[in-house]
Amino acid sequence: MRKLRAERAWSQERLAEEAGLNRTYLSAVERSEQNISIDNLYRVATGLGVDSWVLLKD
């Protein structure tokens with residue numbers, strides 16, 4: 001998620017807005033401090049314009 005966000009030069013705030021999620025939640029997910037649910041994984045992928053599986057691969 002962080003890599004794709006950085007490739008687009010998006011801030012965490014921008015991704016949060018696109019995905020309809022809280023910025024602090026996304027920040028915690030990026031730092032592996034919080035697990036992401038399947039529903040929110042889908043929302044982030046949709047916000048980034050990619051398939052969900054892309055966020056799961058190495």
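These legends walk through close-up views of a predicted model. Local features need pLDDT of at least 70 and side-chain atom pairs count only at pLDDT 80 or more, while totals for chains, interfaces and linings use all residues. Residues are numbered from 1 along each chain as its sequence is written, and side-chain values use heavy atoms, with hydrogens and water left out.

**View A. Ala-9 in the loop between helices H1 and H2.** Here the loop runs between H1 (2-7) and H2 (12-19); helices are DSSP runs of H or I with at least four residues, numbered from the N terminus. Ala-9 has a positive phi, near 60 degrees, in a residue other than glycine. Its relative accessibility is 70%, so Ala-9 counts as exposed (over 50% relative accessible area, with a 1.4 Å probe and protein chains only).

**View B. Ser-32 in the loop between helices H3 and H4.** Ser-32 is not a glycine, yet its phi is positive, at about 60 degrees. Ser-32 counts as exposed because its relative accessibility is 66%.

**View C. The crossing of H2 and H3.** The two axes, lines fitted to C-alpha atoms over the stretch in contact, come within 9 Å and cross at roughly 110 degrees. H2 and H3 are therefore roughly perpendicular to each other (65 to 115 degrees, on a scale from 0 to 180 degrees between N-to-C directions).

**View D. Residues that join H2 to H3.** Gln-12, Glu-13, Leu-15 and Ala-16 of H2 make the contact with Arg-23, Leu-26, Ser-27 and Glu-30 of H3 (heavy atoms within 4.5 Å).

Definitions and conventions
Helices (H or I, at least four residues) and strands (E, at least two) are DSSP runs, numbered from the N terminus. Buried means under 20% relative accessible area, exposed over 50%, partly exposed in between (1.4 Å probe, protein chains only). Angles under 35 degrees count as roughly parallel, over 145 as roughly antiparallel, 65 to 115 as roughly perpendicular and the rest as oblique.
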